[in-house]
Amino acid sequence: GLPIVASRTPIDEFYFNENHVQFFEQENHEDMAVKILELFEDKERMRGLSVAGLNYVQEHNWDNKRKIYRDILYSLIPGLKNIQK
């Protein structure tokens with residue numbers, strides 16, 4: 001139920017956008033503090049980020065992505081599907 005405040009890195013920007021997380025300037029603790037205070041004062045944005053973050057996790061969790069991952073492995077490694085667990 002809490003929004004994510006994350007350092008703006010290339011990998012985080014690849015997976016998330018401003019609708020999912022509140023970014024702060026990388027390695028800048030003062031900017032991080034400012035962003036946290038901004039969210040605290042903007043309850044609507046804080047709730048929006050919380051909901052968007054939860055939706056993202058629900059869509060991109062392991063239970064939902066497992067089949068895709070396994071299908072990729074099966075396509076790359078012949079016979080893998082026939083190996084016992």
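Is aspartate 31 buried or exposed, and what is its relative accessibility? At 17% relative accessibility, aspartate 31 counts as buried, where buried stands for under 20% relative accessible area, exposed for over 50% and partly exposed for the range in between, with a 1.4 Å probe and protein chains only. The model is a predicted one, in which local features need pLDDT of at least 70 and side-chain atom pairs count only at pLDDT 80 or more, while totals for chains, interfaces and linings use all residues. Residues are numbered from 1 along each chain as its sequence is written, and side-chain values use heavy atoms, with hydrogens and water left out.

The side chain of aspartate 31 meets that of lysine 35 in a salt bridge, at 3.8 Å from N to O; the term denotes a side-chain nitrogen of Lys or Arg within 4 Å of a carboxyl oxygen of Asp or Glu. Lysine 35, at 19% relative accessibility, counts as buried. Both residues belong to helix α2 and are 4 residues apart, about one turn of the helix, helices being DSSP runs (H or I, at least four residues) and strands likewise (E, at least two), numbered from the N terminus.

By this rule there are 6 salt bridges. In one of them arginine 45 pairs with glutamate 18, with the closest N and O atoms 3.8 Å apart. Because arginine 45 lies in helix α3 (residues 43–59) and glutamate 18 in the loop between α1 (10–15) and β2 (21–24), the pair ties together parts that are 27 residues apart in sequence. Arginine 45 is partly exposed, with a relative accessible area of 28%, and glutamate 18 is partly exposed at 32%.

In helix α4 (residues 62–76), aspartate 63 and arginine 66 are 3 residues apart, about one turn of the helix, and they form a salt bridge whose closest N and O atoms are 2.5 Å apart. Aspartate 63 is exposed, with a relative accessible area of 60%, whereas arginine 66, at 26%, counts as partly exposed. Elsewhere, salt bridges that share partners join Arg8, Glu13, Glu18 and Arg45 into one network.

Glu38, Glu41, Asp42 and Glu44 form a negative surface patch, a patch being made of residues with over 30% relative accessible area and no salt bridge, with like charges joined within 9 Å and nonpolar side chains (Val, Leu, Ile, Met, Phe, Trp, Tyr) within 5 Å. Of these residues, glutamate 38 is found in helix α2 (residues 29–41) and, at 39% relative accessibility, counts as partly exposed.

Notes:
Areas by Shrake-Rupley, 256 points an atom, 1.4 Å probe, with all protein chains shown as cover. Lys, Arg positive; Asp, Glu negative; His and termini not counted. Charge placed at Lys NZ, Arg CZ, Asp CG, Glu CD.
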